[in-house]
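Subject: Structure handover

Hello,

Here is the structure for your files. My notes on it follow below.

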Amino acid sequence: MLGQRIVTAVVLLAVLAAAMISANPWWFVALLALAAACANWEWLRLTLPQPPSPLISVGVAVLLFAGMLALASAWLAGSREGVADPAWVLRYLVPAVAAVWLLGGLTAVVRGRSDAPPASLGWSVFSVPAAFAAWAVLAQMFVARGAGFVVSLLALVWVADIAAYFAGRAFGKRKLAPRVSPGKTIAGAVAGVLGAVVWIGLSSLWEGTYGHALAERWTLWLALPIAALLGVLSIVGDLFESLLKRRAGRKDSSTLLPGHGGVYDRIDAILPVAPFALLLSGVLF
């Protein structure tokens with residue numbers, strides 16, 4: 001199992017690095033679209049009536065992937081007309097998705113109704129704009145600010161996750177949300193949030209990073225509590241997926257990534273963080 005995890009992680013990192021350093025931005029934007037479409041398919045498998053219909057889940061994911069690729073082509077070609085104008089996504093869809101995460105996703109996690117039926121029309125419908133908005137934010141950030149900017153934002157989620165894991169194993173006693181994810185602890189959550197704060201504080205020293213952009217807009221002392229908020233949202237994203245999996249009786253969202261579960265398992269925290277990261281930084285407005 002450990003060997004599978006290592007091999008999968010090395011392959012994923014190699015593919016990600018190759019796409020990011022490519023002279024053609026299309027490869028990274030397309031890779032993001034593929035990840036978003038896969039996560040959408042896995043999300044639908046958790047929230048559609050069980051057993052889920054492959055025709056619906058695969059069909060929606062394929063249409064989403066095709067739509068993202070078509071929009072990416074227009075964006076990279078410099079089109080700013082009609083639906084190809086990124087303004088409608090960044091100014092209207094992203095705030096709406098952020099509001100649903102804050103009001104609906106957070107409420108669902110706090111209530112912790114893991115015994116509720118897995119089928120949910122509302123969450124199934126929301127899976128599409130949630131995956132699409134995260135893709136649009138990261139794709140536009142990559143095109144406008146470059147690979148380093150996107151990596152520095154993703155690193156906030158990675159640092160928070162790593163800090164939470166090790167602190168939880170070392171100091172975790174009290175459970176954070178036992179009905180949703182028995183493995184999560186309060187100590188781990190606190191460490192994760194602190195990790196996000198420390199990362200933004202350190203990365204703010206380098207131009208071209210998300211932390212630097214955040215500090216430029218708000219000053220460092222306001223950027224730090226914003227980083228804490230993003231750290232909390234990463235935990236919400238993680239717990240939200242755990243809630244969907246427990247309702248559906250699944251350990252992983254899929255087996256697409258040997259040793260790691262599904263794509264959604266790997267990017268669950270990014271989905272709610274990305275919209276808020278854009279709104280709070282204002283880098284594309």
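**Second largest pocket**

The lining of the second largest pocket comprises 13 nonpolar, one polar and two charged residues. Nonpolar covers Ala, Val, Leu, Ile, Met, Phe, Trp, Tyr, Cys and Pro; charged covers Asp, Glu, Lys and Arg; the others, Gly among them, are polar. The model is predicted: local features need pLDDT of at least 70, side-chain atom pairs count only at pLDDT 80 or more, and totals for chains, interfaces and linings use all residues. Residues are numbered from 1 along each chain as its sequence is written, and side-chain values use heavy atoms, with hydrogens and water left out.

The pocket holds about 220 Å³ of space. (A pocket is an open set of points on a 1 Å grid over the protein atoms alone, where a 1.4 Å probe fits, with protein on both sides within 12 Å along at least five of seven lines; lining residues have an atom within 4 Å of a point. Volume is the space filled by probe spheres set on the points.) Of its 16 lining residues, Val109, Val110, Leu176, Ala177 and Leu239 lie nearest the centre. Helix H4 (86–111), strand E1 (175–177), helix H7 (186–203) and helix H9 (220–248) each give the lining at least two residues.

**Overall fold**

There are eleven helices and two strands in the protein (DSSP runs: H or I, at least four residues, for helices; E, at least two, for strands). The C-alpha atoms fill a box of roughly 45 × 45 × 40 Å along the principal axes.

**H8 against H11**

Helix H8 (residues 210–218) and helix H11 (residues 270–281) have axes that come within 9 Å and cross at roughly 40 degrees. Axes are lines fitted to C-alpha atoms over the stretch in contact, with angles from 0 to 180 degrees between N-to-C directions. Tyr210, Leu214, Arg217 and Trp218 in H8 contact Ala277, Leu279, Leu280 and Ser281 in H11 (heavy atoms within 4.5 Å).

**Backbone points**

Pro51 sits in the loop between helix H2 (26–47) and helix H3 (54–76). Thr219, in the loop between H8 and H9, has a positive phi near 75 degrees.

Best wishes
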